[in-house]
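Visitor: I have a model open here and would like to learn how to read it. Can you walk me through a few features?

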Amino acid sequence: MFSLIILIVLSILSYLFTDELIPKLKELFIKAGIFGIDLCKNSKDKVPEAVGVVSGCVFLVTSFLFIPIVFGHSLMDREHFPHNEFAEMLAALLSICCMLLLGFADDVLDLRWRYKLILPTVASLPLLVVYYVNFNSTTFVVPIPLRQFFGLSVNIGFLYYVYMGMLAVFCTNAINILAGVNGLEVGQSVVIAMSIIVFNLIELQGDQYKAHSFSLHIMIPYLATTMALLKHNWYPSKVFVGDTFCYVSGMTFAVVVPQLFHIIPCPRHRLPKYSGETDLLQASRTLIDKKDLNAISKLIINVFSFFHLIDKVEDEVSITINNLTLINLFLIKLGPMSELRLTVSLLMFQTVCTCVAFLIRYPMASYFYDT
Ligand code: UD1
Ligand code: MG
């Protein structure tokens, strides 16, 4: 309890510090050539990119400062020092640190897509190793309706580590893909962080309290520094957060994207199309030559259009469809809108999704598990 209060105080300080630091460092980023152009604005000003590295560093430093406080009383008693928990904390911070470095490298060097898949896998290794040494439990409990086939629990062994490695890839890229309008990357991370904190607080009474308290110690300073970043990244953005931020924020839900495998043409940027006259955004589109369509891409286009998930215009030789992202889906369903309204709508949708997740976790869980 005591350490939680100190954590909150430290986190508030880290918020204030990040908030001060970001405007001061802006020029430095532009001078170093790390900037982008806001594609949904008329002005072509240079906006510093990769500013997520600032909030990320303050977040890490706060967590480091916090180590002697969490483990303070144990440091006096070296015989009973909780080496396992300590290793877990260090490994978690090391993984986040790796992501920060690799994300920053991505921003500066503009890596190709295949590396975006490899980097998080590598960065998750420290955590996987500690998990192997400390727990090595690779068993999961089977939901009630499936128990007649699989029994009470199944040990998936090595596959569990494959799953955890893939989870890291999923989380980092999910945030990075749902991006491109002001405040969306950071906004979604704030919604997710808050949901996790609420979940941890509820579960603090349960028998898994150690894991949830561990999670709180990471999430609270993360939320604080991220809120400071959001303040500067909110519409109209004064800074961009870069892939650095997306990589550091390793958790979220994604959009399913057959475009990434180039089954359907995928332009470099799929962010919405900005109209300078109306100041509104509309779905961005891609033109496909009918000759280039194979059986799989035809099938995907037909299925999507059957479910009204794409807006398709067809003539003899070509098909024009909107780029397949959640952002564009919102724009074809709700019509053109301002960038601010778009971000707010997407964040509200995400809040609804986390409420549904809580509904599944609490009232509905008893249908699937003995709770
Ligand atoms: C991902 C998306 C890409 C999307 C981009 C936007 C996939 C496969 N890739 O690529 O389609 O266009 O994110 O971040 O889904 N920008 C803005 N306004 C913002 C934020 C970013 O105009 O609010 C623009 C700026 O020009 C900025 C650039 O996007 O420089 C950053 O792009 P980057 O993060 O490098 O793109 P990816 O993550 O590779
Ligand atoms: Mg990005």
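Predicted model: local features only at pLDDT ≥ 70, side-chain atom pairs only at ≥ 80, totals over all residues.

Visitor: Which strand and helix each supply at least two residues of the shell around ligand 1?

Guide: Strand S1 (35–37) and helix H8 (158–177) do. Of the 19 residues around ligand 1, those that come nearest are Gly36, Leu39, Gly180, His269 and Arg270. By class, that shell splits into nine nonpolar, six polar and four charged residues.

Visitor: On to helix pairs. How do H9 and H14 cross?

Guide: Two packed helices are described by the angle between their axes and the distance between the axes. Here the axes of H9 and H14 (residues 339–361) come within 10 Å and cross at roughly 20°. Angles under 35 degrees count as roughly parallel, so H9 is roughly parallel to H14. The crossing is right-handed.

Visitor: Which residues in H9 and H14 meet?

Guide: From H9, you have Leu184, Gly187, Gln188, Val191 and Ser195; they meet Thr343, Leu346, Leu347, Gln350, Thr351 and Thr354 in H14. This contact has four nonpolar, seven polar and no charged residues.

Visitor: And is Ile192 buried or exposed?

Guide: The cut-off for buried is 20 or more other C-beta atoms within 10 Å. Ile192, which sits in helix H9 (residues 184–203), has 23, so Ile192 is buried. For distance, Ile192 and Arg268 lie 76 residues apart in sequence and 27 Å apart in space, C-alpha to C-alpha.

Conventions:
Residues numbered from 1 in each chain as written. Chains lettered and ligands numbered in written order. Helix = DSSP H or I, 4+ residues; strand = E, 2+ residues; numbered from the N terminus. Buried ≥ 20, exposed ≤ 12 C-beta atoms within 10 Å, placed from the backbone. Near = placed C-beta within 6 Å. Nonpolar A, V, L, I, M, F, W, Y, C, P; charged D, E, K, R; others polar. Axes fitted to C-alpha atoms, helices over the stretch in contact; angles between N-to-C directions. Parallel < 35°, antiparallel > 145°, perpendicular 65-115°, else oblique. Left-handed = near helix turned anticlockwise from the far one by under 90°. Contact = placed C-beta atoms within 7 Å.
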